[in-house]
Amino acid sequence: MRIIENEREALMECPDTIDHTAGSLLDECDRAYYYFVIRGLRPVYERDYFISGKAWDRALGRLNDSTLDKADRLTQARLAIRETWAHSKCEYVHENRAPDNLIHLLDLFIENYGFDHEYEILESNIYFRFPYKDFFIGGEIDAYIDWPGLGVIADENKTTNGVISDAYLAGFFLGGYANQLKTYNWACRQITENLWGNRVNIASLAIPKRKSTQRTLFQSLLIQPPEQEILDVLELYERRMGRLRENWKLWSWPKCGTHCEGGWGFSACDYRFICKISTRLGEEEVIPQQYRVADWRPWEGQKGDWEGLSSAEKAEIEERAGGSSAYEEDSD
Ligand code: SF4
């Protein structure tokens with residue numbers, strides 16, 4: 001696959017929407033943003049942390065489906081994990097991120113929280129694209145909930161393969177995760193006037209091997225970001241859009257990444273193989289076995305994986321996800 005010449009003319013207009021993921025990539029490296037959003041290049045093999053996070057989020061969404069009884073909710077949540085993995089391609093999967101461990105974690109989650117909660121889930125998986133000044137901010141909010149006595153809360157699920165440490169929790173108040181929460185806070189305000197703040201539901205995938213080891217596996221944080229910090233994040237998006245438009249005008253996407261090969265706390269860049277062998281923009285040789293092409297429009301949602309499976313695949317997954325469960329006896 002050869003990236004085309006005169007590509008700017010052949011492409012669409014400069015993007016008018018920025019989301020948290022693409023915006024963070026632009027902060028890190030203009031060239032990485034170009035490959036990811038403008039060219040739509042995705043590694044054929046996905047990262048295991050991305051898939052396990054998606055699987056966990058979908059499982060919680062189904063666990064909260066109040067139209068189903070408890071047994072069906074649990075079965076559906078397990079299926080969500082199997083389905084997500086069945087439709088994913090990873091070269092390497094850490095054992096903590098694999099479906100069996102996620103299903104074990106799901107059981108522990110129900111032991112910890114049960115099926116019932118004091119708040120009402122108003123809507124799950126909200127895809128948004130709202131105007132801000134002369135562009136749009138987009139993304140997906142996991143859910144928003146009505147918390148008695150507080151008001152509406154924007155809900156976000158997170159998984160970590162480490163322990164839930166103070167340093168990890170601090171990231172929800174300052175830095176990239178915090179900016180993501182503030183983006184969702186602003187987006188939720190476009191939907192409701194009664195927003196109280198954000199909640200983060202954290203789950204640690206590092207289930208102790210020994211029963212005697214005590215470790216916090218789940219933690220919820222309620223956060224009310226100060227008004228000024230919401231405004232600061234909007235300013236950040238405005239600066240990003242300015243940089244994006246300037247890059248588009250000049251057709252300049254510099255290689256300015258600082259963690260190309262990864263490092264402590266950073267994964268290696270997905271595009272390092274292209275970057276290493278290419279010098280001129282538009283003359284990259286992209287190996288089809290390494291990359292596929294896909295649009296990046298998280299604000300439009302995606303077709304459910306389940307719909308894309310064959311009947312045989314569905315039957316196999318249902319069989320693996322089913323079986324007897326202590327919770328099924330508890331159904332009403
Ligand atoms: S390898 Fe480095 S320079 Fe190239 S796109 Fe990735 S971060 Fe940017």
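**View 1. The buried residues of helix α2.** In helix α2 (residues 20-28), the buried residues are His20, Ala22, Gly23, Leu25 and Leu26, where buried means that 20 or more other C-beta atoms, placed from the backbone, lie within 10 Å of the residue's own. They pack against β1 (17-19), α3 (30-38), β4 (135-147), α8 (176-189) and α9 (227-250), contact being counted if the C-beta atoms of two residues, placed from the backbone, lie within 7 Å. Helices (H or I, at least four residues) and strands (E, at least two) are DSSP runs numbered from the N terminus. The model is predicted, so local features need pLDDT of at least 70 and side-chain atom pairs count only at pLDDT 80 or more, whereas totals for chains, interfaces and linings use all residues. Residues are numbered from 1 along each chain as its sequence is written.

**View 2. Helices α4 and α5.** The axes of α4 (residues 48-63) and α5 (residues 70-86) come within 8 Å and cross at roughly 160°, which makes α4 roughly antiparallel to α5, a term for angles over 145 degrees. Axes are lines fitted to C-alpha atoms, for helices over the stretch in contact, and angles run from 0 to 180 degrees between N-to-C directions. On the α4 side, Ile51, Lys54, Ala55, Arg58, Ala59, Arg62 and Leu63 meet Arg73, Gln76, Ala77, Ala80, Ile81, Thr84 and Trp85 of α5. By class, this contact of α4 with α5 has 8 nonpolar, 2 polar and 4 charged residues; Ala, Val, Leu, Ile, Met, Phe, Trp, Tyr, Cys and Pro count as nonpolar, Asp, Glu, Lys and Arg as charged, and the others, Gly among them, as polar.

**View 3. Thr84 in helix α5.** Thr84, found in helix α5, counts as buried because it has 23 C-beta neighbours inside 10 Å.

**View 4. Helices α8 and α9.** These two helices pack at an angle of about 100°, with their axes 9 Å apart, and are therefore roughly perpendicular to each other, the term for 65 to 115 degrees. Asn179, Lys182, Thr183, Asn185 and Trp186 in α8 meet Glu229, Ile230, Val233, Leu234 and Leu236 in α9, and the residues of this contact divide into 5 nonpolar, 3 polar and 2 charged.

**View 5. The shell around the ligand.** Among the residues around the ligand are Cys29, Cys260, Cys269 and Cys275, each with its C-beta atom, placed from the backbone, within 6 Å of the ligand. Both α3 and α10 (272-277) supply at least two residues of this shell.

Definitions and conventions:
Angles under 35 degrees count as roughly parallel, over 145 as roughly antiparallel, 65 to 115 as roughly perpendicular and the rest as oblique. A residue is buried if 20 or more other C-beta atoms lie within 10 Å of its own, exposed if 12 or fewer, and partly exposed in between; C-beta atoms are placed from the backbone.
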